[in-house]
Amino acid sequence: MSGKKAPNMWLRMLCVFMALLVAGFGLSAGSLVYIMLVNGNRYADLATRQQLTTTSIEALRGSIVDCNGNVLATSATAWTVYITPQDIEGEEEARLIANGLAELLELDPEEVYRTTQKTTAYERIKRRVEEPVAAKVRAFIAEHNLGSIIGLEESSIRYYPNGSLASTVLGFMGDDSGLSGLEYQYEDELKGVPGKVVASKNARGSDMPFNYETLVETKQGNTLTLTLDSYVQYSVEKHLEEAIEVNHATNRGCAIVMNVNTGAVLGMATKPDFDPNDPFTVTDPYTLSLIEEKAGKPAESKEDSDDEEQTTSKSESSGSQSGGTAAQQSEYDRLLEEARDEQYRNKAISDVYDPGSVFKTVTGSAAIEEGVVNDESTFNCPGYIVIAGTRYQCHQTSGHGHQNLTNIFENSCNPAFIEIGQRLGVQKFYQYFQSFGLTEKTGIDLPGEGGSIYHTPDDMGPVELASESFGQTFQITPIQMITAVSAVCNGGNLVRPHLMKSITDADGNVVQSEKTEVVRQVISKETSAKMCKMLRSVVDNGSGKSAYVAGYRMGGKTGTSQKINQALSGESMQYIASFCGFAPADHPEYAVIVMIDEPHGSNIYGSAVSAPVAASIMKEVLPYLGVEAVYTDDEYAELATTVPAVEGKTVEEATAALSEAGLSGRVVGEGKSVVAQNPTAGTAAPTNGTVVLYTEQDYTPEQVTVPDLTNLSISAVTATAASAGVNVEISGVVSGSSGAISYRQEIAAGTKVDRGTLVRVSFRYTDSVE
Amino acid sequence: MRSYDSTAYDFDLFTEKEKREVVEIPTRPARGGRRSRKAAARRSGRSVLAIAAAVSVFLLLMVAQLHCQLQTSEVVAQINATEREIEALKSDNVRLQVELERKVSFENMEQSARAMGMQKISAAQREYVQLHGEDAVEMPEQDKDLIIRLQELF
Amino acid sequence: MVSEYDRQIEDEQAKPTAKTRPPRGKMDLVFFTMVLLLLTAGLVMLFSASYAFAYYNYNDSYLFILKQAKFAVVGVALMVGISFVDYHWLAKFHLPWVVYGASVAMLAVVLALPPMQEGFDYKRWISFGGFSFQPSEIAKFAVILLFSYLIAKNPKKMRTFRYGICYFVLLLAVVCGLLVKEPHLSATVLVFCIGVMLLIVGGVRLHYFAILGGVGLAGGLVVVLTGVVHYASSRIQYWLDPWSDATGKGYQTIQSLLAIGSGGLWGRGLGNSRQKYLWVPEPHNDFIFSIVCEELGLVGALCILAAFAVLIWRGVTIAMRAPDRFGSLLAMGIIFQVGLQTVLNILVVTNTIPNTGISLPFFSYGGTSLVMLLCQMGILLSVSRSSTIRKR
């Protein structure tokens, strides 16, 4: 019986083997075949689908640069930090995340905590997170292993390195695209085209070393080069801002500097404006001060108090007082909202206004061109004129009396221009109105250009014609006005104002470049030349004296218009002070317009409010732009001289050198030779100025206090300065004129300076000319 | 096969033997000779070595190929990491440039200059210089030798 | 008729004497070749499957292959060395009992120790001095050795119920029970199957066995269905539809299927697997065969399968040609273990059976397992040296 075992064992072994082979290996092989052949494509497809990803490669937005290549707006990659709240496990984790992220991203921990309590799959915590902070966030994620809850998405951030410079012109960005200004206008050129790449990625999202295909090449955004000049823009903004504050303007102001021959805009500013780096808050201090004036100070904000309870109790207690603080708060908030919506508005192209007397340049040129008036024409102003039963008062109620053609511009005499308008007639007047481009938009490459409001010929009777002759009862934009004045002075060509100088792609190839477009010839060269001469006289002799800049032959026209529409709706009468000018008058190159809306200072006239701004701007900008100063003899005599170097000389030699330069010396100390001098060699000193000569070693420079030199006449200024021990340089005074009053000194009153330091004082004329 | 009952023929022995080969061979007549056993062992040892060698070659070839792929894989990973670093550094560079621009904005410069006591150039201090036309080249008279003169003649 | 050898066994009770034992000769070269081939293939595939994982997680592409290679060298040396040793030494000094006792003790120790990996509630490893191993590996061999020894010792008694079945069932139950408690389902299944197979081959009466088998199966089903071993039941759900939890429990299975499917007929080429780039979790362990399929294709995979089949066949041949029962059973047990593990691993990888955590011999990463496997191959070679059939 045991014998049976041996073959049985053998047999059993064989059976086991066969069973294993057939059942086991057979099944295995079968399943492999099933998966790889039968379902192979399906699985391979799924595998490929999970491995291959089509990723979009973001294109970096193109930069905006000024005419010299200085960067005005540029983009860089940044990160958006987000969380997946539904994956957060437990209170402790939520607190950890809230506190950690709040600290790194400078947010309120309570707010972040509230976000963690949501149940969504995606909640944005902060956008535009820069690289160093992003790196810290990544480290935080790694440290606490929160990779499935906190994530970083690549996006971009737009930088405006110059803060609010040209903000209304540049515009600002929303999440992905430009929302206003040039950012909006040139969106297509700036944004570039994202590329698409198909790549094999491993489970962690990084590339596998296998071939992939680039489906679409990424095309980086183009660079937009503007005609703007940063320095010109800076100068314009600086002076405009100052004037708005000094004159307490309540409805903003704007200014434009333009090349009259090409239409290239070198500077365009609206103040107060905003910071495009932070476009959704009101940051301008002047705006905030105006709001505070109207609505009182706001209640303490939550950011100031750490304790939420404190704030609640405060508002509770204040609410219980009289409800006044709460109402104040809401009024403040309402005004803040309004201000925020308003701050993006580019007043220079969007707001229409009655141009007032500046428009007389158009009426005048039309009349001269049509031959209705000429060099021999005379006008008589009794102080008023009556047209079809309506009486128009001249701003000089006693009348200007007998005037020639130049005089009426100098005096800005309304009756005279009304008469000219009547002589032209409605049809001709309207024809020139149209011709100067005032019925259509200028076509400047910015969004939101305002359309003008005016009477059509069917609508115009003699009364309307009369009002329009001196620039009231119709509204145009400042850009239209300056374009029209440019046409008046540049030989009669109406040019198209533009901001784009060129567009270059990422490789530097020029895609587009500016063209000087002459829309039409409006008046003849001769008429234009005549106008230039007369308008120069306005500055030299007339209402525009405050716009005078020595050596640069400014020409222009002042304007003070009444906001009649507002007055009609029951509000008190407000004014717009403006000035539009150009230089050099003998060969005009650049034009400037300054418009200040609702000034509330002691003097609200364009001649006193806006003209000095134009002067300050041109004084700074024209030398920079390379316009040569040509001085008349009188001007030359009044120029400041350069202080000669007298250190080391004997006192006698020094005094002699000084008197040769037209200066006098004041010796301090008993020494024989000059140890130090103030002002130092090479600085400016006015003619007849004093140079302090120190003759002893270890001298202590004498300190004097700068006196208040504003609101004084020229002689008063010179005398005050001399007695105080400082030198003054006078600007803005037309030689041979009277009535100039100082309004600004470069070194503030009360500052302690060394004896002999130069203080520049600017003057203006305060005639009440409309 | 035990159905055979005849004891005369002990077929069992045969039948059994058919099934299993009796090992005689190992107790070969050549039981003699540790030499022959050694030879046999050496022969088998040689084949073992041969097999081992062949397999090793095979192994090494595969490993070499994989090694190359491995290196590709590592390098690609490094490239990706470096690329990401470059991007991050680029955007950081832009950020720093912007900060620099902010610091040297016109506003800052003017304020800093005034704080240092500087003043803007006065109109009087600007001197205009007239530059004459283009540069002209003057050639001095050359001593003409014979050859040049002959050339000039023709 | 009793064969000569059976009689010898009966008489000698597996006591080695130089007189009665046939002299030892060459080892089975085919088997040896197959072992080396499979080992080589295993190393190559391990290298291919692991370098991406190693690089991204440990910054060292060679981490796994170098370790495995070292163990392979040691293992091959041991294998050749052991092949020269007469396997009957295993039966001496009550070694089978010693080994069995030791493995039972270690299994008990493992249960008492805290879990080695956080978050997992199975306790499978003992580690000391940076060196860790699984007692279940030893247990598998212990069962093979002990059963072979006992069956060979009393071949006649195998026909009885008391000895043939109860005794062994008890021995098996102890080990399997301890393994189930860990819980280590794959080891339990393996040990159980091996034990059963040895009993079958060893000459148990089949109908006794069938009854017992039926009872056992019923018991097993009850256990599974009532979810007593709950971690097994959840595995069944994800086996049937891995997409029901595609990012959680089903993830590994899905990735494995994607890898296999991507292979197609000829595969992507050696080294060209995409799934090994962090898609298949731990591609160097249990799921290495998926990568093999992806790279070598159906043809390659079937070739490897064939290689295993040849190895098994050769092992069975060695078992069949073994001079005595002990050798046969030993060989049979060892080779069956290899075969069963291979089959089960491939079936898991193809999602034909739910995931049980069985590694692929020669391929999966695991130094101690590889060395143990090669030592067992050595034992097989040793048996083959004693084989009564020789090549001419």
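Leaving aside neighbours within four places in sequence, with which residues is Tyr160(A) in contact? They are Leu72(A), Ala73(A), Leu170(A), Pro276(A) and Asn277(A), where contact means that two C-beta atoms, placed from the backbone, lie within 7 Å. The structure is a predicted model, in which local features need pLDDT of at least 70, side-chain atom pairs count only at pLDDT 80 or more, and totals for chains, interfaces and linings use all residues. Residues are numbered from 1 along each chain as its sequence is written, while chains are lettered from A and ligands numbered from 1 in the order in which they are written.

**Two positions in chain A**

Tyr160(A) sits in the loop between strand E5 (150–159) and helix H6 (167–170) of chain A. Helices (H or I, at least four residues) and strands (E, at least two) are DSSP runs, numbered from the N terminus. Tyr160(A) is buried, with 27 other C-beta atoms within 10 Å; the term buried requires 20 or more such atoms, exposed 12 or fewer, and partly exposed a count in between, with C-beta atoms placed from the backbone. Ser452(A), in the loop between H16 and helix H17 (462–469) of chain A, is partly exposed, with 18 other C-beta atoms within 10 Å. Beyond four places in sequence, Ser452(A) touches residues including Val352(A), Leu438(A) and Gln480(A). The table gives one C-alpha pair for each position.

| Pair | Separation in sequence | C-alpha to C-alpha distance |
|---|---|---|
| Tyr160(A) and Asp278(A) | 118 residues | 9.7 Å |
| Ser452(A) and Cys580(A) | 128 residues | 18 Å |

**Overall form of chain A**

Chain A contains 25 helices and 31 strands. Its radius of gyration is 37 Å, well over the 27 Å that the globule rule gives for 770 residues, so chain A is more spread out than a compact globule. The radius is taken over C-alpha atoms, and the rule is 2.2 Å times the number of residues to the power 0.38. Along the principal axes, the C-alpha atoms fill a box of roughly 155 × 85 × 65 Å. Of the 770 residues in chain A, 47% are buried. Among contacts in chain A with a separation of 6 or more, 71% join residues 24 or more positions apart.

**Nonpolar cores**

A nonpolar core is a set of buried Ala, Val, Leu, Ile, Met, Phe, Trp, Tyr and Cys residues joined through C-beta atoms within 7 Å. The largest has 181 residues, of which Ile256(A), Val592(A) and Met618(A) touch the most other members. Helix H16 (residues 414–435) of chain A gives the most to this core, with ten residues. A second, separate core of 129 residues includes Tyr43(A), Ala49(C), Leu178(C) and Ile288(C).

**Contact between chains A and C**

Chain A provides 38 residues to the contact and chain C provides 46 residues. On the side of chain A, H1(A) supplies the largest share, 22 residues.

**Confidence in chain B**

Confidence in chain B is lowest in helix H1 (residues 11–19) of chain B, at a mean of 46, and highest in helix H3 (residues 106–115) of chain B, at 87. Where pLDDT is low, the predicted coordinates should not be read in detail.

Methods:
pLDDT = per-residue confidence, 0-100.
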